[in-house]
Amino acid sequence: MNKENRLRDLLVIVASLIIIVLSVVFMIQDGSFNINLSEDSKLAWHLTRSSGLIAYILLMASTVWGLFISSQFVKDWSPGPISMAIHSTISWLAVLFALGHALLLLFDDYFTYTLGDIFIPFTGPYRPEFVGLGTLAFWLMLVISASFAVKKFIGRRAWKLIHYLSYAGFGMVTAHGLFAGTDGDLLGFRLLVALGVGSTLILLGVRVGKSQVKSTKGHKRAKPAAGRRQHPLNEARRPKSAAQVTAMPPADVRE
Ligand code: HEM
């Protein structure tokens with residue numbers, strides 16, 4: 001990076017920070033942060049639902065992006081490390097929004113939730129079976145997101161196995177949103193679910209198809225076609241069998 005570019009980047013960062021600080025000061029003066037979640041009986045509920053929806057959209061995005069990476073759709077325009085950084089960032093954002101979504105239940109005045117109800121699956125006061133699926137999915141999402149950071153230590157195979165759990169997590173959250181959520185019956189929510197589940201299934205089909213074609217090609221390449229003659233150089237390089245070695249005359253005779 002040359003000096004000019006570095007200076008330009010620095011100016012952009014400083015200008016952005018100034019805008020953020022000024023906006024926060026303006027919002028504090030305007031009273032935007034004077035919110036009391038228990039004052040408005042429905043505010044916590046609206047926030048729980050909206051943060052749940054955002055977490056679900058982020059989870060969908062992370063799943064679809066992961067399939068884009070593994071199917072090598074993005075490799076030509078997004079370098080591997082950047083694709084993985086995007087993947088892990090989206091999945092951590094989904095975890096954060098899901099955490100906020102769950103903790104907001106503490107302010108719900110319709111049902112009384114404790115931390116235990118929120119984080120121990122199937123124990124809460126409202127539809128425990130479907131809310132419990134959300135809790136289980138939350139723990140899965142946490143483990144999967146954390147696995148990005150420890151990939152080097154656990155190895156690629158274990159990391160991949162943990163990653164496969166994300167399909168189970170996605171399925172659980174889908175059932176959770178549909179059957180525990182107030183908006184589960186709305187057409188908009190169902191269209192969102194159809195989009196997420198549909199695109200994941202299609203991409204998964206493409207991914208499985210691609211890896212099958214690859215393994216068939218690899219298999220054919222590994223096995224030389226019957227009857228095909230070997231190149232003489234390959235013949236020469238082939239290790240000699242024990243019988244050939246013993247049949248060889250001793251070095252002094254050969255000379
Ligand atoms: C500790 C974990 C969780 C708990 C305790 C929990 C609890 C709840 C509850 C009680 C509702 C019903 C809210 C209502 O409509 O009145 C709900 C809805 C929902 N949750 Fe969760 N949830 C958890 C995890 C998750 C996760 C991980 C996601 C997504 C990644 C998620 C996404 C949703 C969605 C999309 C809805 C439907 C919202 C709507 O109706 O508009 N939840 N959750």
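Modeller: The shell around the ligand consists of 30 residues, and the closest are Gly 52, Gly 134, Gly 181, Thr 182 and Asp 183. This is a predicted model, with a mean pLDDT of 86 over the chain. In the chain, 85% of the residues reach 70 or more. The stretch 227-255 has pLDDT below 50, and beyond near neighbours in sequence it makes 3 contacts in the model. Where pLDDT is low, the predicted coordinates should not be read in detail.

By class, the residues around the ligand divide into 18 nonpolar, 10 polar and 2 charged. Five helices each supply at least two of the shell residues: H2 (43-70), H3 (80-103), H4 (115-119), H5 (128-149) and H7 (156-180). H2 gives the largest share, with 8 residues.

H2 and H3 have axes 8 Å apart and pack at an angle of about 160°. Angles over 145 degrees count as roughly antiparallel, and H2 and H3 are therefore roughly antiparallel to each other. The crossing of H2 past H3 is left-handed. On the H2 side, the contact is made by Thr 48, Ser 51, Gly 52, Ile 54, Ala 55, Leu 58, Leu 59, Ala 61, Ser 62, Trp 65, Gly 66 and Ile 69. H3 contributes Ser 83, Ile 86, His 87, Ile 90, Ser 91, Leu 93, Ala 94, Phe 97, Ala 98, Gly 100 and His 101. This contact of H2 with H3 has 13 nonpolar and 10 polar residues, and no charged ones. Gly 52 of H2 takes part in this contact and is also listed among the closest residues to the ligand.

H3 also packs against H5. The axes of H3 and H5 come within 9 Å and cross at roughly 150°, so this pair, too, is roughly antiparallel. The crossing of H3 and H5 is left-handed. From H3, the contact uses Ser 88, Ser 91, Trp 92, Ala 94, Val 95, Ala 98 and Ala 102. From H5 come Phe 138, Met 141, Leu 142, Ile 144, Ser 145 and Phe 148. By class, the contact of H3 with H5 holds 10 nonpolar and 3 polar residues, with no charged ones.

Technical notes:
Residues are numbered from 1 along each chain as its sequence is written. This is a predicted model: local features need pLDDT of at least 70, side-chain atom pairs count only at pLDDT 80 or more; totals for chains, interfaces and linings use all residues. pLDDT is the predictor's confidence in each residue, from 0 to 100. Two residues are in contact if their C-beta atoms, placed from the backbone, lie within 7 Å. A residue is near a molecule or strand if its C-beta atom, placed from the backbone, lies within 6 Å of it. Helices (H or I, at least four residues) and strands (E, at least two) are DSSP runs, numbered from the N terminus. Ala, Val, Leu, Ile, Met, Phe, Trp, Tyr, Cys and Pro count as nonpolar, Asp, Glu, Lys and Arg as charged, and the others, Gly among them, as polar. Axes are lines fitted to C-alpha atoms, for helices over the stretch in contact, and angles run from 0 to 180 degrees between N-to-C directions. Angles under 35 degrees count as roughly parallel, over 145 as roughly antiparallel, 65 to 115 as roughly perpendicular and the rest as oblique. A crossing is left-handed if the near helix is turned anticlockwise from the far one by less than a right angle, and right-handed if clockwise.
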